[in-house]
Amino acid sequence: MRKGVMRPGHVQIRVLDIEEAVKHYVDLIGLIETDRDEQGRVYLKGWTEVDKYSVVLREADEPGMDFMGFKCVDEATIDSLAEDVRKLGIEVKEIPAGDLKDCGRRMQFVAPTGHTFELYATKEQTGKWGVSNVNPEAWPRDLKGMKATRFDHCLLYGDDLEGNLELFETLGFGLAEQVLDPDNNRVALFLTASMKAHDVAFIKHAEKGKFHHASFYLDTWENVLRAADLISMTNTSLDIGPTRHGLTHGQTIYFFDPSGNRNEVFCGGDYYYPDHEPTTWKAEDLGKAIFYHDRQLNERFLSVLT
């Protein structure tokens, strides 16, 4: 593992009705709208994030994820990592600065699982929302809904997990957790560029390019329970929870946006250092690995994808 990729920087999510989606992500999840562009895309952020946005909503005919971007330490790093990706036989194209509002150039490529990722180093920084960078207060008083602090990770479904593992290890990610089938084939990967339990994760699936969920971080278990109350108060479609994961040990709840994209809010979770051996779960125990309390899988969790 090496330095270069700092963190998940943004995700662009397709939604069927932009204003309905904005209401969900702002009023319920508690993200802050920071801008819109000429294409009609809406830019959002969690209140602790220093960059201008981490979520981009785009109105489209079908839901899902357009791409996920990772922020790197500098412009030279994205050139170097793009060259490393090309050496794997993966085409990389440069997206010019300004294609995403107030974002620098991006190096974009399609992973072996069919998902589009990109690397970038420059984005306008607007600072944490509602608190000063000098003698900051504990939190802004005008936060809405679940008061999500940040965009944390995505879970994605696709076929070529070994190809993705090679790609992300080339980018400097570590394998924090994995699920192995009885023949010791990997059927799930949890990858991190940081000390977090995961920055992106993949589960084996026959179809390429499927989006399972985007996840947002909350501070405490009590906040997750409050999120569950808000889901019921707003008659939002619930997937499962509140519960705990075995994988990563995060405390979690899953629900759907109005377009059918799955969201997660969670707290807690394990930490990772590069000298840690990957935590391994057995596929026959996947129910307990994913839903530690119920110890069995919710069919929607496996089959509802966008």
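Reader: Let's start with Phe266: is this residue buried or exposed?

Author: Phe266 counts as buried because its relative accessibility is 6%. The cut-offs are under 20% relative accessible area for buried, over 50% for exposed, and partly exposed in between, using a 1.4 Å probe and protein chains only. This is a predicted model, in which local features need pLDDT of at least 70 and side-chain atom pairs count only at pLDDT 80 or more, while totals for chains, interfaces and linings use all residues. Residues are numbered from 1 along each chain as its sequence is written, and side-chain values use heavy atoms, leaving out hydrogens and water.

Reader: Thanks! How should I read a pair of aromatic rings?

Author: Two things describe such a pair: the distance of the centres and the angle of the planes. Rings of Phe, Tyr and Trp (its six-membered ring) pair if their centres lie within 6.5 Å; planes under 30 degrees apart are stacked, over 60 edge-to-face, and the rest tilted. Searching the whole structure gives 11 aromatic pairs. One of them is Phe168 with Phe202, a tilted pair at 5.6 Å centre to centre and 55 degrees between the planes. Phe168 belongs to helix α3 (residues 161-170) and Phe202 to strand β12 (residues 200-204), so this pair ties together parts 34 residues apart in sequence. Here helices (H or I, at least four residues) and strands (E, at least two) are DSSP runs, numbered from the N terminus.

Reader: And which residue pairs with Phe266?

Author: Tyr217 does, in an edge-to-face pair at 5.2 Å centre to centre and 80 degrees between the planes. Tyr217 is in strand β13 (residues 210-217) and Phe266 in strand β16 (residues 262-268), 49 residues apart. Tyr217 counts as buried too, at 16% relative accessibility.

Reader: Which residues do ring pairs link into a cluster?

Author: That cluster holds Phe70, Phe117, Phe168, Phe173 and Phe202.

Reader: Now a helix, please. Why do residues three or four places apart point the same way?

Author: An α-helix has 3.6 residues a turn, so residues at that spacing point the same way. Take α4 (residues 221-233): its 13 residues should span 18 Å at 1.5 Å a residue, and the end C-alpha atoms are 19 Å apart, which agrees. The expected span is 1.5 Å times one less than the number of residues. The buried residues of α4 are Val224, Ala227, Ala228, Leu230 and Ile231. They cover an arc of only 165 degrees around the axis, so they lie on the same side of α4; the arc is that of the directions from the helix axis to the C-beta atoms. Glu222, Ser232 and Met233 are exposed on the other side.

Reader: What covers the buried residues of α4?

Author: The cover includes α1 (18-28), β14 (238-244), β15 (250-256) and β16, with contact meaning heavy atoms within 4.5 Å.
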